Amino acid sequence: MADKDADYGQDSRALILWIWHGYLRKYKWILALAGVLMAIEGSTLGAISYMVKPMFDTAFAPGNSGALWFVALVFAGIFFTRGVTSILHKVMMTSVSQKAAADLRTDLLGHLMLQDNAYHQTHPPGFLIQRVQSDVQAINNIWSTFITRAGRDLVSLIALLVVAVSVDPIWTLIACVGTPLLILPTLAAQKFVRRRSREARDLGARIATLLDEIFHGIIPTKLNRLEDYQSNKFRQSTKRLVRAEIRASVGTASIASMVDFTAGLGFFLVLLYGGSEIVAGEKTVGQFMSFFTAMGMMFEPLRRLGGIAGRWQVIASSIERVKELVDTQPTLTDPSNPLAPPKDVPGIELREVTLAYGDTTVLQGASFTAEPGKTTAIVGASGAGKSTVFNVLTRLVDPQSGEAIVGGVANRQMTLTDLRNLFSVVSQDAMLFDETLRENILLGQDNIDDDRLQAVLKAAHVAEFLPKLADGLDTEVGPRGSNLSGGQRQRVVIARALLRNTPILLLDEATSALDAQSETLVQQALDELSQGRTTLVIAHRLSTVREADKIVVMDRGQVVDQGTHDELLKRGGLYAELYNLQFNTTGESAEEKALKPVADDAPQGDESSRSMFGRLLSRLPWVSGP
Ligand SMILES: Nc1ncnc2c1ncn2[C@@H]1O[C@H](COP(=O)(O)OP(=O)(O)OP(=O)(O)O)[C@@H](O)[C@H]1O
């Protein structure tokens with residue numbers, strides 16, 4: 001993302017207020033108590049430096065052993081108080097900080113899951129993981145660096161300053177003479193740090209995306225010998241990250257160092273001026289020691305506070321990034337006056353749907369109907385827009401014009417929850433989570449009785465491979481279900497769909513990745529699943545859609561024909577061409593013979609149809625691929 005001023009121009013006050021209102025205000029009493037404890041701890045430094053004066057002037061100089069006891073006991077009490085208050089406020093602050101960060105992470109995840117599909121296509125998983133994990137962690141650092149330390153340091157500084165002023169206001173003024181010199185360089189350094197931190201966070205997100213792609217695609221990476229290529233890309237990005245991190249920390253450190261320089265100047269001047277007053281006998285050694293102890297103790301908190309200005313810039317850049325995500329609103333939302341979803345098994349109608357991604361038109365006035373409780377197949381070449389039809393129906397994307405009607409209700413008029421509760425989708429990528437088989441099937445439903453579960457396992461043909469698994473239903477399936485075969489994963493997804501018991505079933509190439517034996521089993525499970533439901537099937541293998549009640553033929557975003565298998569073959573249009581082509585190339589001579597007259601007789605004098613054929617020939621996966 002561009003590193004421009006406008007991006008990090010979010011004013012710090014607004015960012016703090018956002019965190020305060022959203023995540024901290026509810027802990028205000030704990031924070032207040034922790035603040036009091038912090039103030040007590042901070043003021044103990046002032047008390048220590050204050051007690052140096054009586055130690056010298058009342059106990060040491062006159063040799064008063066009674067006063068010595070008193071001073072020693074007071075010192076012990078001060079250190080004890082410091083220890084107790086320190087641990088108490090740290091525990092309180094840490095618990096609030098961890099809880100606030102957990103709340104923020106959870107909110108962020110919920111918000112990101114609601115974003116449109118288009119958003120997730122432009123914000124890859126690695127990028128979002130980085131935001132949810134690392135940026136929130138950086139915000140969490142607010143506590144360790146900003147509030148806990150800064151609060152205590154500020155109180156210490158004030159207490160020590162009070163002691164110093166009480167000893168001699170002029171000495172104090174001289175000691176602080178260099179402070180105004182700090183302002184301009186500090187502001188410049190802060191801006192620099194914020195810029196570099198932002199750059200580092202961007203690079204971190206890019207690296208997380210790269211890692212995500214490498215590990216998700218580890219098999220193609222190995223097979224294509226891409227190890228060096230990926231390592232190189234990683235090395236380049238990490239080099240830039242290291243550079244940005246180093247620059248940011250140099251900026252942060254330089255702010256602290258500027259404090260050192262001005263403090264050095266202050267010490268130098270006070271030593272000359274105050275020292276001469278002691279030599280002249282105008283001040284006592286006790287006063288001088290008390291002042292110098294206060295000044296010496298001020299040095300560390302002041303240095304840390306100087307560094308905190310830089311750290312705040314790092315934190316602010318993370319808050320900005322997280323806030324940017326939170327401020328992004330999804331466009332696919334519930335209607336303001338939603339209608340109830342259909343009660344019976346619904347029919348589906350796509351009415352003149354046109355959809356484009358940028359300049360690319362994907363659906364162009366596409367219309368068809370799918371009867372309730374029947375199976376409708378959608379066929380067409382790769383890229384014809386078949387999967388996009390499913391995306392429109394389930395509102396993963398909204399078309400620019402036209403509408404999708406489910407059971408007489410336009411899908412945009414239902415809430416997203418009601419709409420998506422109507423569909424079960426089984427696709428080629430059976431999405432399993434890294435949990436047990438049982439958890440993968442139940443997906444959080446805890447009201448399923450065992451009889452129903454067993455019936456579902458049987459119907460989905462999961463029961464057949466259960467005995468082969470070490471822990472049966474409690475077997476861990478591994479990341480993305482990697483401990484199961486493709487066919488087994490499909491059957492788990494079918495079991496899920498059976499349990500969801502939705503009235504509409506969308507099958508997107510559900511059996512295409514399976515061998516013949518698995519395909520038969522999965523097909524049986526799917527047949528079981530589609531009973532009594534409105535089913536839409538996308539399949540490249542036309543043998544699997546022959547039995548459909550209706551077949552919708554798509555070409556380049558348009559519905560070019562629809563009917564039963566026999567009707568379409570008789571008409572001799574695109575479907576007959578596809579079918580003929582498929583069975584010719586797979587060498588099923590019986591089909592070939594049966595279809596040849598149809599293909600020859602088809603009304604293909606039409607040039608567009610012939611060019612379509614040539615186009616299809618080059619695009620069809622079953623022609624070029626295995
Ligand atoms: N998010 C997107 N942004 C841009 N173009 C897209 C997007 N999604 C799909 N497309 C394009 O839309 C066209 C239709 O895609 P779709 O996935 O619907 O085709 P399909 O018929 O299902 O293809 P296949 O059979 O290969 O799965 C393709 O040309 C694809 O490149």
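So, the loop between α14 and α15: R480 sits in it, and R480 has a positive phi of about 55 degrees although it isn't a glycine. For background, most residues other than glycine have a negative phi. When I say helix or strand, I mean DSSP runs, H or I of at least four residues for helices and E of at least two for strands, numbered from the N terminus. R480 counts as partly exposed because it has 15 other C-beta atoms within 10 Å. The cut-offs there: 20 or more other C-beta atoms within 10 Å of its own makes a residue buried, 12 or fewer makes it exposed, and partly exposed is in between, with C-beta atoms placed from the backbone.

Quick caveat before I go on. This is a predicted model, so local features need pLDDT of at least 70 and side-chain atom pairs count only at pLDDT 80 or more, while totals for chains, interfaces and linings use all residues. Residue numbers run from 1 along each chain as its sequence is written.

N501 is in the loop between α15 and β7 (504-508), with phi near 55 degrees, and N501 isn't a glycine either. N501 counts as exposed, because it has 12 C-beta neighbours inside 10 Å.

How do α14 and α15 cross? The axes of α14 (residues 450-459) and α15 (residues 486-500) come within 9 Å and cross at roughly 135 degrees; axes are lines fitted to C-alpha atoms, for helices over the stretch in contact, with angles running from 0 to 180 degrees between N-to-C directions. That makes α14 oblique to α15, going by the convention that under 35 degrees is roughly parallel, over 145 roughly antiparallel, 65 to 115 roughly perpendicular and the rest oblique. The crossing is right-handed, meaning the near helix is turned clockwise from the far one by less than a right angle, with anticlockwise being left-handed. V456, L457 and A459 of α14 meet A495, L498 and L499 of α15, where contact means C-beta atoms, placed from the backbone, within 7 Å. By class, that contact has six nonpolar, no polar and no charged residues. Nonpolar here is Ala, Val, Leu, Ile, Met, Phe, Trp, Tyr, Cys and Pro, charged is Asp, Glu, Lys and Arg, and the others, Gly among them, are polar.

Staying in α15, look at R491. Is R491 buried or exposed? Buried, with 28 C-beta neighbours inside 10 Å. Leaving out residues up to four places away in sequence, R491 touches A460, H461, V462, L521, V522 and A525. R491 and L526 are 35 residues apart in sequence, yet 8.7 Å apart C-alpha to C-alpha.

Compare another helix pair. The axes of α7 (residues 183-216) and α9 (residues 227-279) come within 8 Å and cross at roughly 160 degrees, which makes α7 roughly antiparallel to α9. This crossing is left-handed, and its contact residues divide into 15 nonpolar, nine polar and seven charged.

Last, the ligand. Its surroundings include Q121, Y357, K386, S387 and T388, counting a residue as near if its C-beta atom, placed from the backbone, lies within 6 Å. β2 (360-370) and α11 (386-393) each supply at least two shell residues, and α11 gives the largest share, three. The shell has three nonpolar, eight polar and one charged residues.

Methods. Two residues are in contact if their C-beta atoms, placed from the backbone, lie within 7 Å.
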